[in-house]
Structures are given as structure tokens and as C-alpha cells.
Amino acid sequence: MAAGTVQTVLTCVPVSSDQSSGIDQQVCPAAGGQYFHLQSQQAYVLAPESAGYIDSIAQPFDYTLAAGFWGVAFTTVVALWLVSYSAGAVINLVKRVA
């Protein structure tokens, strides 16, 4: 399923007053002394049913959540290392006594 389609869209591009025609001024009216020219451009337009998915993956990175995951992972690795180190010490002790 495609998230959208490639379509031709019209955009208003800023130009000087002598480069703007009458049709350009009707479609893209001047604002604050800035004139615009109507120009076509190809763009990837999202389908409305894909907007929810795109919005959900475009969230900013949550450093607090990532720090929590990193802390749990680091603690787990250190705990496993301590357990294995202790087990190795016990095994060495049993080897020496026996």
C-alpha cells in the first residue's frame, strides 16, 4: 500500500513585480509588496488514510524513555556479569578444595 502519489501541484514563487503577470496576481495576490509567479512542480502527496501512520512515526525522540531503556539494559548486563563472576569464584573454590 502506497502512502501517497506523485502529483503536479501549483506553487506561488516570489518574484519581482515586473515578472508577475495579471493571471499570477489573480491566483497569487501580492502580500506586503512581494509579488508571486504561479509555477507547477511535482510533489509526493500523502493519502489521507496514511496521515495517522506518518504522524505516529514522526514524533520527536524521547530522551527520557531512551535513558530508561539504557539504564535497564546496563543494569542487567552488570548484574549478569556479577552473577557469573560469583559463580566462577564458587567453582574455583570447589576445584581447590576437592
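This report looks at the fold, surface and disulfide of a predicted protein model.

## Ground rules

Because the model is predicted, local features need pLDDT of at least 70 and side-chain atom pairs count only at pLDDT 80 or more, while totals for chains, interfaces and linings use all residues. Residues are numbered from 1 along each chain as its sequence is written, and side-chain values use heavy atoms, with hydrogens and water left out.

## Overall layout

Three helices and two strands make up the elements of the protein chain, in the order β-α-β-α-α from the N terminus. Helices (H or I, at least four residues) and strands (E, at least two) are DSSP runs, numbered from the N terminus. The radius of gyration is 32 Å, well over the 13 Å that the globule rule gives for 98 residues, so the protein chain is more spread out than a compact globule. That radius is taken over C-alpha atoms, and the rule is 2.2 Å times the number of residues to the power 0.38. Along the principal axes, the C-alpha atoms fill a box of roughly 100 × 35 × 15 Å.

## Burial

Of the 98 residues, 8% count as buried. Buried means under 20% relative accessible area, exposed over 50%, and partly exposed in between (1.4 Å probe, protein chains only).

## The disulfide

The whole structure holds one disulfide, a pair of cysteine sulfur atoms within 2.5 Å. Here cysteine 12 and cysteine 28 are joined, with their sulfur atoms 1.9 Å apart. Cysteine 12 sits in strand E1 (residues 4–15) and cysteine 28 in the loop between helix H1 (22–27) and strand E2 (35–46), so the pair ties together parts 16 residues apart in sequence. Cysteine 12 is partly exposed at 39% relative accessibility, whereas cysteine 28 is buried at 2%.
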